[in-house]
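Here is a short walk through a protein chain. Keep the sequence and the 3D view open as you read.

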Amino acid sequence: MQGRTLILLIFSTNVCATVFPKRNKVLFPSAQRLKRHDRAIPVNTGFHHSEEEMQLLYEFLLGGFNIDDNFHCSLKDKELASMRAAKKFNTIFNDIIPKNITEIRRLTDRISRNTGELKPEDFERIVLTLVYTSYQALRFQGHQKDTWVESLVNIFQILKQDLTMK
Ligand SMILES: *[C@@H]1O[C@H](CO)[C@@H](O)[C@H](O)[C@H]1NC(C)=O
């Protein structure tokens, strides 16, 4: 019996190693670069650490944000924008998540080659990329709109797949 358990263990460890080889692959290299640049910013920076933070993020998103022509995002609500946590929001939106179609495609390609479950900070960043992409899809018209909508669908599929894996 013990022998069998051992074989099973070795087998499953090996299978996991081959099935999830890219589990720790870096999905947001920008966060890594940022950490090197500013040591005060943790690599897993985000709002996923506590319920209170998630609540705050929700309020930020409800308040909405503006996107300028350089794809720079800023919170609409002055009061929310003056909060300390708004700095984190700005960092994620302006320094971590991809902002143009090329970069977003690169991200979705990277994730589709990644078979493991997403890390909490990556999941959050992908959700925020989805939010950003939907803003852009609303902003643009015609062919550009179609391109943004296509990215939106790709990101949504990735999130849905991760949720159904659990
Ligand atoms: C997309 O964004 C990246 C990173 O900010 C930038 O290097 C690249 O030139 C941009 N590409 C286009 C087509 O705007």
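Two residues are in contact if their C-beta atoms, placed from the backbone, lie within 7 Å. By that rule, Phe-89 touches Phe-60 and Leu-75, leaving aside residues up to four places away in sequence. The model is predicted: local features need pLDDT of at least 70, side-chain atom pairs count only at pLDDT 80 or more, and totals for chains, interfaces and linings use all residues. Residues are numbered from 1 along each chain as its sequence is written.

Phe-89 also belongs to the largest nonpolar core, which has 14 residues. Such a core is a set of buried Ala, Val, Leu, Ile, Met, Phe, Trp, Tyr and Cys residues joined through C-beta atoms within 7 Å. Buried means 20 or more other C-beta atoms within 10 Å of the residue's own; exposed means 12 or fewer; partly exposed is in between. Ile-92 and Leu-128 are among the residues with the most contacts inside this core. Helices α3 (51-63), α5 (85-96) and α7 (120-139) each give it two or more residues. The largest share, 4 residues, comes from α5. A second, separate core has 7 residues, including Ile-104 and Ile-158.

Helices (H or I, at least four residues) and strands (E, at least two) are DSSP runs, numbered from the N terminus. Now turn to Phe-71, in the loop between β1 (65-67) and β2 (73-75). Its phi is near 65°, a positive value. Most residues other than glycine have a negative phi. Phe-71 counts as partly exposed because it has 14 C-beta neighbours inside 10 Å.

Finish at Val-149, in helix α8 (residues 142-165). Is Val-149 buried, exposed or partly exposed? With 16 other C-beta atoms within 10 Å, Val-149 is partly exposed. Its C-alpha atom is separated by 7.3 Å from that of Ser-134, 15 residues apart along the chain.
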